Amino acid sequence: MKRIRLSEQVIDEIEKMILKENFKDGDKFYSENELTKKLDVSRTSVREAIRILEISGKLKVYHGKGIYIRNPLEKGINEFANWLKNNESSLLEHFELRLIIETKAAAYSAKNIQDTEIAKLKKNMEQFKECTKLGKLECLINLDREFHHILAKSTKNRTYYTLMKAMTNTLQEGWVSSLSIPNRSTKTIKEHQKIYSAISSHDSKKAEKAMTEHLENALDDIILYLANN
């Protein structure tokens, strides 16, 4: 939970900084290093916040040049659709990998999960519902990743858990892009519930099937959004 609060706080602080210091559309913003020092947080937290703000259209990262302020309302463009198109191949790879390993992990979770971990999943889903009502993207992303972290740890396979943690830190596009799709968070609530029901009843086959459907549905929604925008 500390990580979730920190991630949200970094985004809030950057947005306040943009307003307070009167940055305008097209202005060059602070670098990752400068933001890390100004906010006194890790570079990973800053990079994650910038990624979310870029997808929401408030920042634009030009590799080798820096970070710039964006105002999609003034430009009349869909920054998220453009971002999806520019990152389509990495998004497909992200979900391909998760479909290979995370579906089987759900099956192992159903076999090995403990009551305390089941309780954590339940609490996570309750919080996710609240964040969906509030419409806070950064909150949804963090809780979604936490749900999959808990599941990964419950497999009792340390190698897989380490891999899952690395994926959420280095392959952020999948979580960010999926939950930015309209109505995807509402669908995620139902899909997580199916996964939870299967895992908490220790039904490996249903758990694997529910996870497969969850990941395939998320990918289908991204592809459909790309086709229509």
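Trainee: Where is the place of K156?
Mentor: K156 sits in the loop between α8 and α9 (158-170). Those labels come from DSSP runs, numbered from the N terminus: helices are H or I runs of at least four residues, and strands are E runs of at least two. Before we go on, this is a predicted model, in which local features need pLDDT of at least 70, side-chain atom pairs count only at pLDDT 80 or more, and totals for chains, interfaces and linings use all residues. Residues are numbered from 1 along each chain as its sequence is written, and side-chain values use heavy atoms, with hydrogens and water left out.

Trainee: What phi does K156 have?
Mentor: A positive one, about 65°, although K156 is not a glycine. N22 is another non-glycine with a positive phi, about 60°. N22 belongs to the loop between α1 (2-20) and α2 (32-39).

Trainee: Is K156 buried, partly exposed or exposed?
Mentor: Start with the cut-offs: buried means under 20% relative accessible area, exposed means over 50%, and partly exposed is in between, using a 1.4 Å probe and protein chains only. K156 has a relative accessible area of 40%, so it is partly exposed. N22 is partly exposed too, at 47%.

Trainee: Is H63 buried or exposed?
Mentor: H63 has 80% relative accessibility, so it counts as exposed. Look for H63 in the loop between β1 (59-62) and β2 (66-69). Its C-alpha atom is 18 Å from that of D25, and the two residues are 38 apart along the chain.

Trainee: Let's go to α8. Which residues is S154 in contact with?
Mentor: Contact means heavy atoms within 4.5 Å. Leaving aside neighbours within four places in sequence, S154 touches S109, N112, I113 and E117. S154 is part of helix α8 (residues 137-154), and its relative accessible area is 0%, so it is buried.

Trainee: What about L140, buried or exposed?
Mentor: L140, also a residue of α8, is buried, with a relative accessible area of 5%. Beyond its neighbours within four places in sequence, L140 meets F128, C131, T132, L179 and S185.

Trainee: Which residues make the contact?
Mentor: On α6 they are R98, E102, A105, A106, S109 and N112, and on α8 they are H148, L151 and S154. By class, that contact has 3 nonpolar, 4 polar and 2 charged residues. Here Ala, Val, Leu, Ile, Met, Phe, Trp, Tyr, Cys and Pro count as nonpolar, Asp, Glu, Lys and Arg as charged, and the others, Gly among them, as polar.

Trainee: And how do α11 and α12 pack?
Mentor: Helix α11 (residues 184-200) and helix α12 (residues 204-228) pack at about 165°, with axes 8 Å apart. That makes α11 roughly antiparallel to α12. Their contact has 7 nonpolar, 4 polar and 7 charged residues.

Trainee: How many residues does the largest nonpolar core have?
Mentor: In soluble globular proteins, nonpolar side chains tend to be buried together. A nonpolar core is a set of buried Ala, Val, Leu, Ile, Met, Phe, Trp, Tyr and Cys residues joined through side-chain atoms within 4.5 Å. The largest one here has 64 residues, and I14, F29, L35, L59 and L84 have the most contacts inside it. Leaving aside neighbours within four places in sequence, F29 touches residues including I14, L35 and L59.

Note on methods. Axes are lines fitted to C-alpha atoms, for helices over the stretch in contact, and angles run from 0 to 180 degrees between N-to-C directions. Angles under 35 degrees count as roughly parallel, over 145 as roughly antiparallel, 65 to 115 as roughly perpendicular and the rest as oblique.
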